[in-house]
Amino acid sequence: KATLAFVETSGSKITPSSLSALRAAQQLGNPITALLVGTEAKGAVDEVKKVSSIDKIVTSSSEKYDHYLPEQVSPLVASLLKDSEYTNFVVAASAVGKNFLPRVGALLDLQPVSDIIKVVSTDTFVRPTYAGNALATVKSKDSQVLVSVRSSAFAPVELGSASDVAVEDVSFVEGGNGAEFVSEEIVKSERPDLGSAKVVVSGGRGLKNKEEFDKIINPLAEKLNAAIGASRAAVDAGFCDNSLQVGQTGKVVAPDLYIAVGISGAIQHLAGMKDAKTIVAINKDEEAPIFSVADVGLVGDVFEIVPELTSKL
Amino acid sequence: MSSKVRILLPVKRVIDAALKPRINKTQTGIESAGVKFSINPFDDIAVEEAIKIKNEHKDLVESIHAVSIGPAKAQDILRIALAKGADTSTLIDVQDQEVEPLQVSKILKAVQERQNSNLIILGKQAIDDDSNQTGQMLAGLLNWPQATNASKVKINSDSTVEVEREIDGGVEVVKASLPMIITTDLRLNEPKFVTLPKMMKAKKKPLEKLKVEDLGVSIEKRLEILKLEDPPARQGGLKVGSVDELIAKLKELKAI
């Protein structure tokens, strides 16, 4: 029995969501083989060696795996899993993991379990459904169980001292009919990553426009070294980029502190942040649903309260 | 483009997005009696996009076929798709059975073969089970290119399709030739409401009813739901009167 864990990398680093997925892989209790792909894969091998329970590292360095195109990555993963000792396959429920995991399932006739938030046993997991309004305990009957891991629900693994782990290189596996990568545009930010930040300051429609959003939210986020988030309403109104959206259809976050500014708290938004340890809500409407989940609420004008809060912190 | 485009639109009937679902007493499912159902919001975006593509490329798009897998009542959402501009439709009646993404994909593959569709557009996820799998699995079964979480779709004159996708931290553009699968994200478009006259007219459009056996597929469950429960309730609701009190409370909670 063993677990194959897909590790996404960025330069020589393991991505934060993969560090969380590795925690879930450790909880399965079996030896872990880490899989890294793409031309940069080898650069992150040293970091993977610092994760405990890693038994073996498999890399495949073809440039075809750059950008993690699902039509290319899935046949490789399927070929490693097919007729193997792996009883589990684990990947982060990131944009990359969500994109290729179901395709692997289709190739192997397996039904993946998406977005797990708890490992009960090697075949049983808890996952949110209905925008987090119902938690389902799901048992898989498949011979090999494929899961994607919601990173906010698992603490990232710690990196210890490097251990002596065997590294095996596997060659490119012929891919399916695929789309080709054209370009990408990643929003550059000085702020911590939204998915893994300890503190998140989020703005909503109550901030009126983009200028006010920046003027009110940025200084507070800077003061707290926080990531910036937003409600769907704020994104739709063009106050900020869509990649900052917190909610059922955006990012799901579980920081130590979440400050919701001018956010009313629609079900879809609550789905994305209600697992934060401490929630603060600042809103002029005292009836706003956000107050029912907030540990501390303050009713009033965000344009006065937030600058005062920023200056007093 | 050398060949004509035949669009397939899988649409799912789900509990309305504005409702908070209630878990039944036996903790096995969601109460559905007396609950309002709607078209899955992401599938609604898919329908809108198909119609938009047809309007912008009239000579190119030969047909739009909508399909739903669900109870007899899923006809209601097929009628919406027809009213919005789909030409024909199929209901795969599975009564009240829950069908998992792998089986949904197998059924949709059979429908694709019947319709000879070469462009499939569907929502990135259904807002009930939140799996986010069907588009990718169907692409895998068909060995077609996939472009998930689309925020922009452009059909080029050289018979390729360019899709801007939402990814972590930004967007990515991928390009493929037909046949292909696109799953829709929120920013792709804003679905319009259907007018009553259009709904009336849609009643005359074809709606074929099939059972899974007719397609040579059987429904086999791989996942067993042992329990469905409410998430732990938050003890929220405390309000303070000033910024100073707020800071004091946060210190007390060791949040800052």
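**Close-up 1. Helix 3 and helix 4 of chain B.** In this predicted model, the axes of helix 3 (residues 101-115) of chain B and helix 4 (residues 134-142) of chain B come within 9 Å and cross at roughly 55 degrees. The crossing is right-handed. Helix 3 of chain B contributes residues including B:Leu102, B:Ser105, B:Leu108 and B:Gln112, and helix 4 of chain B residues including B:Met137, B:Leu138 and B:Leu141 (contact: heavy atoms within 4.5 Å). Eight of the contact residues are nonpolar, three polar and two charged.

**Close-up 2. The interface of chain A and chain B.** Chain A brings 82 residues to the contact and chain B 76 residues. Together they bury about 6,600 Å², with 55% of it on carbon and sulfur atoms (accessible area lost by both parts, 1.4 Å probe). Five salt bridges are counted between the two chains (side-chain nitrogen of Lys or Arg within 4 Å of a carboxyl oxygen of Asp or Glu). A:Asp142 and B:Arg222 meet in a salt bridge, at 2.7 Å from N to O.

**Close-up 3. A salt bridge within chain A.** The closest N and O atoms of A:Asp115 and A:Arg150 are 3.2 Å apart. A:Asp115 lies in strand 7 (residues 113-116) of chain A and A:Arg150 in the loop between strand 11 (145-149) and strand 12 (166-169), so the pair ties together parts that are 35 residues apart in sequence. Over all chains the count comes to 35 salt bridges.

**Notes.** Residues are numbered from 1 along each chain as its sequence is written, and chains are lettered from A in the order in which they are written. Local features need pLDDT of at least 70 and side-chain atom pairs pLDDT 80 or more, while totals for chains, interfaces and linings use all residues; side-chain values use heavy atoms, without hydrogens and water.

Notes
Axes fitted to C-alpha atoms, helices over the stretch in contact; angles between N-to-C directions. Helix = DSSP H or I, 4+ residues; strand = E, 2+ residues; numbered from the N terminus. Left-handed = near helix turned anticlockwise from the far one by under 90°. Nonpolar A, V, L, I, M, F, W, Y, C, P; charged D, E, K, R; others polar. Buried area = accessible area lost by both parts, 1.4 Å probe.
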